[in-house]
Amino acid sequence: MIRLVPNHASKIKRRDKVGFTFDGLRLEGRRGESLAAALLQAGHLNLRTAPFGDAPARGAFCHMGICQECAVRIEGRTVEACRTELTDGLVVERVS
Amino acid sequence: MSYDIAIIGGGIMGCATALRLAEGGMHPIVLDQGDLGQGASGVNAGTLSLQIKRVQLMPYALRGHDLWAQMGDAVGFHKSGGYTLAFNAREAELLTERQTLKAEAGAPIEFVSNAQLRRAAPNLTQNVVAASYCAEDGYANSSLTGQYYRGRLQDAGIAYRTHSPVTAIDKTTAFELATPQGTVRAKRLLLAAGAWLKPVAAMLGVDLPVQARVNTVSVTERMPPLMSSVIGHATGLLTMKQKANGTVLIGGGWQGRGTPQDGRGTVASDTLRPNLALAQYAVPSLGSARVLRSWTGFEANVPDFYPLAGALPHVAGAYVLGCVRGGYTIGPYISRLMGDFILGQEPELPLFDPGRAYTKEPT
Amino acid sequence: MSGDYDVAIVGAGPAGGNAALAAAQHGLRVLLLDEQPAAGGQVWRAKSSAILAAPATEESTAGTSLRNRLAQSSVTHLSGARVWQMSQDDGWKLEVLQGGSSETYTAKKLVLATGAREYVQPVPGWTTPGVIGLAGATALFKQNLRAPGQRTVVCGTGPLVFYVASEIRRLGGTVAAVITPNARMDWACATPALLHRPALLARGALWVADLKLAGVPIYWQHAVTGVDGDTEVTAVEFAPLSHDWTPEASRVVIRADSLCLGNGLIPQIEAAQMLGVPLTHDAHLGGWVPRAAPDGVTDVAGLYLCGDGAGIRGAEAAVHQGTLTGLRIAADMGFDTSTARDSSRALWARAARFGRAMTALSIPRAGLARLSKDDTVVCRCEGITKAGITQEITHGAGSCNAVKSGLRAGMGPCGGKFCQTAVAQIICTETGQDVAQVAPPTARPPLCPVPLDAAAGAFDYHALPIPKPAPL
């Protein structure tokens with residue numbers, strides 16, 4: 001099929017894979033990518049539950065560090081997954 | 001239409017006095033330059049602590065606490081108890097001296113041992129040298145002030161206008177108040193404009209010695225349980241409580257910048273930072289909390305730090321009510337006294353003559 | 001206190017980056033602060049270090065060029081640096097969060113080039129994981145070169161919706177459908193402006209032609225009305241819109257695992273608001289904008305604004321306004337830059353006309369508000385529904401501040417950045433006020449959540465400047 005917009009997926013070269021954990025699950029991602037992207041790629045869009053009502057699921061929304069929906073816990077601190085670089089062995093926990 | 005009384009200022013003082021006056025049969029109107037309860041009444045830290053009330057105001061504060069308890073959930077009232085902490089010998093001395101006098105004035109304050117403190121508040125720093133406790137202490141949610149009094153005014157059928165700054169006051173046989181929405185006429189006038197009292201009184205040619213304090217408050221994101229009581233500091237320069245939703249509110253009267261006249265108070269990092277440091281020193285695990293918001297509120301202040309409550313000097317039919325230091329706690333009660341005074345009744349406790357000499361404390 | 005600069009610039013996108021370059025060319029000591037790992041802003045966001053190689057795009061090329069010029073300049077660029085508080089004495093003092101601690105920087109002049117975020121009209125299910133902002137999607141593409149899912153619905157206004165759909169295809173993803181509230185006629189009306197930008201017109205036409213060739217359905221004058229799925233998106237529901245964007249009764253459901261949703265860019269005004277810059281409402285510039293001249297001058301002495309944060313006019317206008325602002329600051333500090341400013345101003349005016357025409361495609365119409373249902377969450381942070389907000393307003397809360405105080409809508413971690421446009425819209429609906437009469441809530445520092453220990457800084461208790469005790 002003719003594509004006017006080429007598929008570049010195969011032309012993107014990524015760094016090596018590193019392991020990390022999310023809520024105890026062992027996952028892999030690319031070193032240096034955003035944690036939100038790594039979690040997305042690993043199939044984890046549901047990152048936390050909102051602290052009210054029947055605790056609805058939430059995931060990355062603005063990807064710009066504004067909305068705080070992708071908040072996760074790393075080393076006892078709340079950080080935005082979209083603004084966190086993936087490093088080898090990162091231990092990521094749910095906020096609530 | 002002419003009202004029995006026009007009240008300038010829709011904070012706790014103005015609204016609660018209006019309610020008392022309406023109970024007494026008067027028809028008041030409340031005017032606010034913005035929304036109801038958005039000044040000091042709505043942006044203070046919400047602390048209801050007898051331990052930080054002035055000795056002479058204790059009878060008023062005790063009755064104020066009762067009224068807040070009655071308002072209950074609608075204002076987010078929680079009687080959590082409160083600890084006041086001293087971190088060194090000098091502060092311990094201060095704590096002992098001050099809390100003893102407050103206890104003698106009727107506040108149920110006791111001194112607690114370190115062991116008691118640890119059991120009750122395990123997340124506090126180990127560096128506490130002395131501590132006092134008052135079971136009556138607690139807090140309410142000041143951001144609900146506007147919503148609460150709006151409902152009360154509506155239920156009582158009391159007229160109010162928001163976004164209605166008074167730009168001029170003419171006194172003939174009655175008071176004529178110019179506002180952008182038209183002239184309001186009333187037989188009497190109550191100035192309850194908080195930190196804006198000075199410019200408002202100036203429209204009647206009266207110089208009130210009111211200046212504004214610019215108090216800073218901060219709030220964190222939701223945190224796991226860190227404290228179940230209000231935490232204060234011997235100097236009064238820290239108040240802290242964790243709300244039911246997990247957020248931690250940090251105050252203590254650290255001064256930001258700005259003036260009521262220019263309409264904008266701003267947080268100053270050179271006072272915000274030590275305010276937060278003091279909070280972190282008291283509860284070290286608070287260090288990992290993210291601060292979401294800091295803000296300032298303008299609090300009226302006069303040279304002797306006592307309320308203004310009584311007749312406005314030199315202007316018949318005009319009154320003034322402003323409460324410095326503890327206005328949130330005392331407000332609902334002193335407003336009743338003020339209402340009774342305007343209704344021609346003897347207040348249960350004495351008022352504070354706005355025409356007094358401010359150089360020394362009133363007797 | 002770290003370093004005293006002539007100019008501090010907040011935001012290293014097209015506007016801030018070029019303001020920095022222009023000021024530095026005149027020998028000014030420039031501090032450029034940006035929260036991202038590299039300069040470029042949202043539009044020219046840099047690839048993450050996870051990308052070793054990838055085909056260039058127009059945006060990546062422009063970003064690389066800016067980053068190279070900054071690297072070769074005398075500009076001090078701090079990346080990963082979030083300004084959380086600003087104040088003015090003789091000059092400006094900025095509190096900057098970087099790597100878990102906070103530093104103070106000072107400068108004589110301050111430029112805010114804080115850019116845009118986006119408005120997303122709340123619809124049932126928009127909080128479901130897998131729903132992301134339309135502009136947010138572009139951040140994901142540019143930084144991480146990842147598609148938002150396996151099968152994505154893209155819905156939004158203006159050119160962005162087609163750009164996002166096209167990028168998903170470029171990155172190997174599948175676009176289930178493109179849905180846009182705009183009618184073909186809206187684009188026909190924008191053609192005069194587009195004709196002045198033939199390259200952009202051609203690019204847009206290519207995106208649409210590619211989608212058509214690929215058999216991706218494009219639903220003009222439609223909008224997403226709901227999202228299915230509790231913990232992840234399973235399907236997206238949409239409907240045709242009337243001329244004023246009121247959803248009509250019929251519904252179409254399409255299977256998807258992700259949704260990119262947006263209703264246009266809005267300026268990030270909080271920093272300017274905190275510093276007392278008066279706001280005006282201009283729908284053609286994205287809503288509430290701080291008042292600033294084309295050369296960045298504001299009513300606040302020593303404070304300048306440029307780029308989308310001063311009104312959505314697009315990247316090209318931002319470039320020229322950034323340059324113009326940098327030149328204006330140089331002039332204010334004693335350098336003659338009048339000739340260069342004249343040419344920048346002309347370039348800016350031309351680009352700004354185009355930007356306004358593009359922004360116009362996203363101006364919310366009256367019916368858009370009806371996409372939010374009574375039980376739709378409006379304030380994501382605190383879970384406050386439209387019905388709750390409506391009730392608060394009917395009980396007398398007539399301003400964004402009053403709604404915020406009474407309900408906490410806007411008091412959560414995002415600070416109201418994703419609900420206040422909708423709150424103002426509901427106030428308008430309930431009170432009959434025009435959107436230009438409903439001011440945004442008072443902006444409060446910090447500009448972003450800041451760890452308390454970082455804000456407090458290292459301290460010695462005994463050295464804390466504790467004032468004298470309150471009166472006894």
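Colleague: Which residue forms a salt bridge with E382(C), and how far apart are the closest N and O atoms?

Modeller: The partner is R222(B), with the closest N and O atoms 3.0 Å apart. The cut-off is 4 Å, so this pair passes the test. Keep in mind that the model is predicted.

Colleague: How many salt bridges are there between chain C and chain B?

Modeller: The count is four. Next, read the polar contacts. Chain C and chain B have 26 residue pairs in polar contact, both residues of each pair at pLDDT 80 or more.

Colleague: Which elements give two or more residues to the side of chain C that touches chain B?

Modeller: Strands and helices both do. Among them are β5 (81-88), β6 (92-98) and β7 (101-112) of chain C, along with α11 (400-407) and α13 (452-456) of chain C. By class, that side of chain C has 28 nonpolar, 16 polar and ten charged residues.

Colleague: How many bridges join strand β16 of chain B to β23(C)?

Modeller: Two, and the strands run antiparallel. For one bridge, look at V291(B): its partner in β23(C) is V450(C).

Colleague: How much area do chain C and chain B bury between them?

Modeller: Buried area is summed over both parts. Here chain C and chain B bury about 4,400 Å², with 54% of it on carbon and sulfur atoms. On the chain C side, L452(C), Y461(C) and L472(C) supply 19% of the buried area, more than any other three residues. As for contacts, 54 residues of chain C meet 58 residues of chain B.

Colleague: Now inside one chain. Where do the domains of chain B lie?

Modeller: Check for segments. Domain 1 of chain B is 2-41 + 143-209 + 303-342, and domain 2 is 57-138 + 211-301. Their centres, over C-alpha atoms, are 28 Å apart.

Colleague: How much area do domain 1 and domain 2 of chain B bury between them?

Modeller: About 2,200 Å², 69% of it on carbon and sulfur atoms. In domain 1 of chain B, Y148(B), A195(B) and Y333(B) lose the most area to domain 2, together 24% of what that side buries.

Colleague: How many salt bridges and polar contacts are there between these domains of chain B?

Modeller: Salt bridges number zero. Four residue pairs are in polar contact, both residues at pLDDT 80 or more. On the domain 1 side of chain B, α6 (145-155) and α9 (327-342) each supply at least two residues. Helix α9(B) gives the most, with seven. By class, that side has 18 nonpolar, three polar and two charged residues.

Note on methods:
Residues numbered from 1 in each chain as written. Chains lettered and ligands numbered in written order. Predicted model: local features only at pLDDT ≥ 70, side-chain atom pairs only at ≥ 80, totals over all residues. Heavy atoms only, no water. Domains from an automatic or database assignment. Buried area = accessible area lost by both parts, 1.4 Å probe. Salt bridge = Lys/Arg side-chain N within 4 Å of Asp/Glu carboxyl O. Polar contact = N/O pair within 3.5 Å; in protein donor to acceptor, adjacent residues only side chain to side chain. Helix = DSSP H or I, 4+ residues; strand = E, 2+ residues; numbered from the N terminus. Nonpolar A, V, L, I, M, F, W, Y, C, P; charged D, E, K, R; others polar. Contact = heavy atoms within 4.5 Å. Pairing = 2+ DSSP bridges.
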